[in-house]
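Trainee: Please take me through one part of this model in detail. I would like to know what packs against what, and on which side.

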Amino acid sequence: MDRLSTLLAQFGMHASTFHSGIFYGSSEFAAPQRGGTLHLLGSGRLGLQAASRDMQLTEPSLIFMPRPMPHALQAHQADKVQLVSAYLGFEGGLDNPLTTALPDCLVMPLRELPTLQSGLAWLFEEGAEQNCGRNAVLNRLVELVMIQLLRHVMNNRVVSSGMMAGLADWRLARAVTLMHDQPEKNWSVAELASAASMSRASFAAQFHKVVGKTPADYLLSWRVSLTQKRLREGKPIALIADEVGYDSPSALARAFRRKTGASPREWLQQQ
């Protein structure tokens with residue numbers, strides 16, 4: 001069971017590295033309107049101000065903000081801070097399931113992320129050099145680190161509720177992955193419970209407790225997220241309806257309005 005590939009295929013990420021190497025001084029950051037920010041501290045002492053956080057990071061650390069969040073970094077030249085920073089754009093915009101399933105700001109020491117070590121070592125080494133194609137390599141390495149981070153979040157249950165928590169629960173993950181892989185199917189609770197090797201009542205209760213939604217509402221949310229992505233791509237609503245399991249464009253439009261408060265046309269104009 002691959003819990004991430006469909007998510008990444010539908011709502012992939014694209015990195016744009018804007019700093020690599022020594023950092024000092026004070027800088028304020030505001031991510032692009034539809035993106036997030038990743039900072040990777042390789043060495044040194046770094047001050048971070050973000051929302052209500054005011055921290056001093058004294059060991060190699062990861063700072064990830066999946067959505068736009070104004071923040072500031074400070075360091076003295078004597079601190080010899082090695083930093084790699086990148087903006088991250090996500091297909092499907094800010095309301096895609098990946099970004100909405102993660103905390104506003106994730107700060108973790110790199111020692112707690114052992115599976116990222118080989119990728120991080122390569123990334124910091126590349127960031128310190130001036131090789132040909134450096135930015136392209138850094139961007140791909142940042143994306144690799146992000147995939148490894150998502151694996152870590154799932155495998156270590158970093159998030160306690162929502163989609164990532166559901167994917168971290170091996171029984172519920174089977175049902176969530178089925179809905180991700182086959183959104184066109186009208187999944188019943190009984191079918192999903194069977195896939196999770198649970199009774200119908202136990203499955204429904206556990207799903208709601210962990211994911212925070214009923215299975216039916218989760219399937220609707222996933223279908224609407226896919227619809228939003230395809231609308232941005234310029235696909236006609238008639239084709240989208242068939243892909244996400246509705247008999248007609250009007251049926252999809254009613255479900256879409258029920259979830260978002262707007263018709264697909266109105267929603268797209270707002271974007």
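Mentor: The buried residues of helix H11 are covered by elements including helix H9 (215–232), helix H10 (237–243) and helix H12 (264–270); cover here means contact, heavy atoms within 4.5 Å. This is a predicted model, in which local features need pLDDT of at least 70 and side-chain atom pairs count only at pLDDT 80 or more, while totals for chains, interfaces and linings use all residues. Residues are numbered from 1 along each chain as its sequence is written, and side-chain values use heavy atoms, with hydrogens and water left out. Helices are DSSP runs of H or I with at least four residues, strands are runs of E with at least two, and both are numbered from the N terminus.

The residues of H11 that are buried are Ala251, Leu252, Ala255 and Phe256. Buried means under 20% relative accessible area, exposed over 50%, and partly exposed in between, with a 1.4 Å probe and protein chains only. Down the axis of H11, the buried residues fall within an arc of 135 degrees, so they line one face of the helix; the arc is that of the directions from the helix axis to the C-beta atoms. An α-helix has 3.6 residues a turn, so residues three or four places apart point the same way. Arg254 and Arg258, on the other side of H11, are exposed.

As for length, H11 has 12 residues (249–260) and should span 16 Å at 1.5 Å a residue, which agrees with its end C-alpha atoms being 16 Å apart. The expected span is 1.5 Å times one less than the number of residues. After H11 comes Gly261, with a positive phi near 85 degrees.
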